[in-house]
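Me: I would like to learn how to read helices in a model. Could you take me through one, step by step?

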Amino acid sequence: MNTDIIRCALRRIGLFTALMFAALTLAACASALLPPTESLNAARDAIASAEQAEARQYAGAELEEANRHLAAAVKAVEAERMAEADRLAKQAHIAAELAIARTQAAKAAAINREMGRSAEALDEEMQRRGDRQ
């Protein structure tokens with residue numbers, strides 16, 4: 001009779017141990033954060049777009065900031081600080097977008113200045129021709 005009780009208790013202890021091991025394994029898998037791949041790729045794509053838009057010439061500080069944030073995000077991933085990596089990748093993306101916007105604004109301002117000079121030249125030419133007639 002005592003041996004049956006002991007066997008039953010051992011079975012329960014074995015079952016409890018197996019359940020605890022399974023629960024701990026599931027908890028460990030659930031808590032492992034994945035790298036913010038989407039944020040990192042979005043930042044890389046935005047930086048590449050900024051470089052293609054000639055941001056280095058027109059918005060070098062913003063482009064440098066984007067690259068600095070992306071490098072820090074990669075280091076955070078290596079250190080398994082995924083929340084920080086995601087935040088840094090998003091900051092890199094925003095800085096790259098700002099570099100693109102400043103580049104476009106600088107190019108538009110240059111075109112505007114050139115059009116103003118052309119309009120002034122055209123006005124002078126029209127006045128000169130008007131004086132001749």
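This is a predicted model: local features need pLDDT of at least 70, side-chain atom pairs count only at pLDDT 80 or more; totals for chains, interfaces and linings use all residues.

Me: Let us start with length. How many residues does α2 have, and what does α2 reach from its first C-alpha to its last?

Reply: Count the residues, then compare the end-to-end reach with what is expected at 1.5 Å a residue. Helix α2 covers residues 37-52, which is 16 residues, and reaches 22 Å, close to the expected 22 Å. Helix α4 has 19 residues and reaches 27 Å, close to the 27 Å expected. For α5 the count is 51 residues and the reach is 75 Å, close to the expected 75 Å.

Me: Which residues of α2 are buried?

Reply: A residue counts as buried when its relative accessible area is under 20%. In α2 the buried residues are S39, L40, A43, A46, I47 and A50. Viewed down the axis of α2, these buried residues fall within an arc of 130°, so they line one face of the helix.

Me: Why do residues three or four places apart point the same way in an α-helix?

Reply: An α-helix has 3.6 residues a turn, so residues at that spacing point the same way.

Me: Which exposed residues sit on the face of α2 turned away from its buried side?

Reply: That face carries E38, D45 and Q52, which are exposed. The buried residues of α2, for their part, pack against α3 (55-58), α4 (60-78) and α5 (82-132).

Me: Now α4. Which of its residues are buried?

Reply: The buried residues in α4 are E62, L63, A66, H69, L70, A73, A76 and V77. Down the axis of α4 they fall within an arc of 140°, so these residues too line one face of their helix. On the other side of α4, the exposed residues are A61, R68, K75 and E78. The cover over the buried residues of α4 includes α2, α3 and α5.

Me: Can we look at one residue in detail? Is H69 buried or exposed?

Reply: To read a single residue, find its element, then its accessible area, then its contacts. H69 is placed in helix α4. H69 has a relative accessible area of 18% and is buried. Leaving aside residues up to four places away in sequence, H69 touches L88, Q91 and A92. For contrast, take E64, which is also in helix α4. E64 is partly exposed, with a relative accessible area of 41%.

Me: How are two packed helices described?

Reply: They are described by the angle between their axes and the distance between the axes. The axes of α2 and α5 come within 8 Å and cross at roughly 20°. That makes α2 roughly parallel to α5, since angles under 35 degrees count as roughly parallel. The crossing of α2 past α5 is left-handed.

Me: What is the angle between α4 and α5, and how far apart are their axes?

Reply: The angle is about 165° and the axes are 8 Å apart. That makes α4 roughly antiparallel to α5. The crossing of α4 and α5 is left-handed.

Me: Which residues make up these two contacts?

Reply: List the residues on each side of a contact. Between α2 and α5, the α2 side includes L40, A43 and I47, and the α5 side includes A89, H93 and I100. Between α4 and α5, L63, H69 and V77 are among the α4 residues, and M82, L88 and R102 are among those of α5.

Me: Which residues of α5 are buried?

Reply: They are M82, A85, L88, A89, A92, A95, A96, A99, I100 and T103. These buried residues pack against α2, α3 and α4.

Me: One last feature. What follows α2, and what is its phi?

Reply: α2 is followed by E54, whose phi is positive, near 70°. E54 is a residue other than glycine. E54 is found in the loop between α2 and α3, and E54 is partly exposed, with a relative accessible area of 39%. After α4 comes E80, which has a positive phi of about 60° although E80 is not a glycine. E80 lies in the loop between α4 and α5, where E80 is exposed, with a relative accessible area of 65%.

Terms used:
Residues are numbered from 1 along each chain as its sequence is written. Side-chain values use heavy atoms; hydrogens and water are left out. Helices (H or I, at least four residues) and strands (E, at least two) are DSSP runs, numbered from the N terminus. The expected span of a helix is 1.5 Å times one less than its number of residues. Buried means under 20% relative accessible area, exposed over 50%, partly exposed in between (1.4 Å probe, protein chains only). The arc is that of the directions from the helix axis to the C-beta atoms. Contact means heavy atoms within 4.5 Å. Axes are lines fitted to C-alpha atoms, for helices over the stretch in contact, and angles run from 0 to 180 degrees between N-to-C directions. Angles under 35 degrees count as roughly parallel, over 145 as roughly antiparallel, 65 to 115 as roughly perpendicular and the rest as oblique. A crossing is left-handed if the near helix is turned anticlockwise from the far one by less than a right angle, and right-handed if clockwise.
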